[in-house]
Amino acid sequence: MNQTLESLYQNIKGLLLEARRRVYYKVNFIMVESYWEVGRMIVEEEQGGKDHAVYGKQILKFLSERLTAELGEGFDPSNLRYMRRFYLAFPICDALRHELSWTHYRVISKVESERARQFYVNEAIECQWGTRQLERQIYSFYYERLLSSQDKQALMTDTNVANKTPFRPEDVIKDPYILEFLNLKGQTKFSEKDLETALIDKLQAFLLELGKGFAFVARQKRIPTENKNFYIDLVFYNILLKCYVLIDLKVSELTHADIGQMDMYVRYYEDKIRADDDNPTIGIILCSEKDEAVVKYSVLDDNKQLFASKYKLYLPSEEELAQELKREVNEIRLQMRLNQADDENSSQQ
């Protein structure tokens, strides 16, 4: 009898909790739509004024005072500006997604690029990011870093990664990785062991930075040979790529020896660990600095399963990231011109 009543209670409880959840999402989305409509009306009224800047301030001041007096808090000029920005960023109401809250949309509306905004909308829903996680990904330039790691043609054409399904390794590997959550900035002396321990201690944050589909497998995974043992710092499995991901940590600049060692780790996993239905193993060398010449004249240049990514212990400024992307684009354009010149010379011979 008690077990039957307990089952009845759990069923009723589940029904009521689900109803509350549905009501919450319904009410939340009604507020999102309402704020979008407020933004639309403000923009249309501003467009009718002669001096947009002056008239716009007058509108916000007037609305803020009246709405606050009659409806309470939440309608100060800054919030009304957010509603206006929300409408300008998402001009089609039918495209709004009910899975996201007003706070989500307020954060995403700050992003200038339309493609980046849509990317963050999709990722926030698919990965179930809270607003703090969403803010962290935007402020660490997640979209730009992922785009810069795509193939060269994608970078040249600014391919929309918002709707890409990450089945290729190059679609999920970032460069650089941002590890500001370790709080190591300013520490001049720390070892690879210190870095590994800090990452394990902050594993949840590190998994978020790695991206979608990563599951932790092991640390200091032993690789035995006839004469000695080697140890892989971190091992993950990515359920989207359906493969193992090996990470080796370096607190110094990337060297050819580091690349050779990771190549050995990947070959070992391919031979001894990888299952028949697994995709090829990926190796990532996470280093503080990397010389592009070392990358170019090594197996990294041809091997699609080996990657070298820098890590930063702080959030880069927008200017710093823009300089890195500009440098990479210029290198790609130069290479394309050289290739074109080679093709023209070949055709003339």
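Which residue of β5 does V245 stand opposite? In β5, the residue opposite V245 is I282. The structure is a predicted model, in which local features need pLDDT of at least 70 and side-chain atom pairs count only at pLDDT 80 or more, while totals for chains, interfaces and linings use all residues. Residues are numbered from 1 along each chain as its sequence is written, and side-chain values use heavy atoms, with hydrogens and water left out.

Helices (H or I, at least four residues) and strands (E, at least two) are DSSP runs numbered from the N terminus. Two strands are taken as paired if DSSP finds at least two bridges between them. An open sheet of 6 strands is present, with mixed pairing and the order β1-β6-β5-β4-β3-β2. Its edge strands, β1 (177–178) and β2 (214–224), each pair on one side only. The pairing of β1 with β6 (residues 306–312) is parallel and spans 2 bridges, and Y177 lies opposite Y311 of β6.

β4 runs antiparallel to β3, to which 5 bridges join it, and parallel to β5, with 7 bridges. N238 stands opposite C243 in β4. A hairpin is formed by β3 and β4 with 4 residues between them, and K242 in this turn has a positive phi of about 55°. Of the 11 residues of β4, 8 are buried, where buried means under 20% relative accessible area, exposed over 50% and partly exposed in between (1.4 Å probe, protein chains only).

In helix α10 (residues 203–210), the buried residues are F206, L208, E209 and L210. E209 has a relative accessible area of 0% and is therefore buried. Contact means heavy atoms within 4.5 Å. Apart from neighbours within four places in sequence, the contacts of E209 include R136, R145 and K174, as well as Y177 and I178. Just after α10, G211 adopts a positive phi of about 120°.

Packing between helices was described by axes, which are lines fitted to C-alpha atoms, for helices over the stretch in contact, with angles running from 0 to 180 degrees between N-to-C directions. Helix α1 (residues 2–47) packs against helix α3 (residues 77–89) at an angle of about 90°, and their axes are 7 Å apart. The two helices, α1 and α3, are therefore roughly perpendicular to each other; angles under 35 degrees count as roughly parallel, over 145 as roughly antiparallel, 65 to 115 as roughly perpendicular and the rest as oblique. Residues of α1 in this contact include V32, Y35 and W36, and those of α3 include L80, M83 and F86.

A nonpolar core is a set of buried Ala, Val, Leu, Ile, Met, Phe, Trp, Tyr and Cys residues joined through side-chain atoms within 4.5 Å. The largest such core has 36 residues, and those with the most contacts inside it are F86, F90, L96, Y105, I108, Y120 and L134. At least two residues of this core come from each of α1, α2 (52–71), α3, α4 (102–108), α5 (114–126), α6 (131–139) and α7 (142–148). Not counting residues up to four places away in sequence, Y105 touches V32, F86, F90, L96, R97, L100 and V121. A second, separate core comprises 28 residues, among them I173, F181, L210 and I282.
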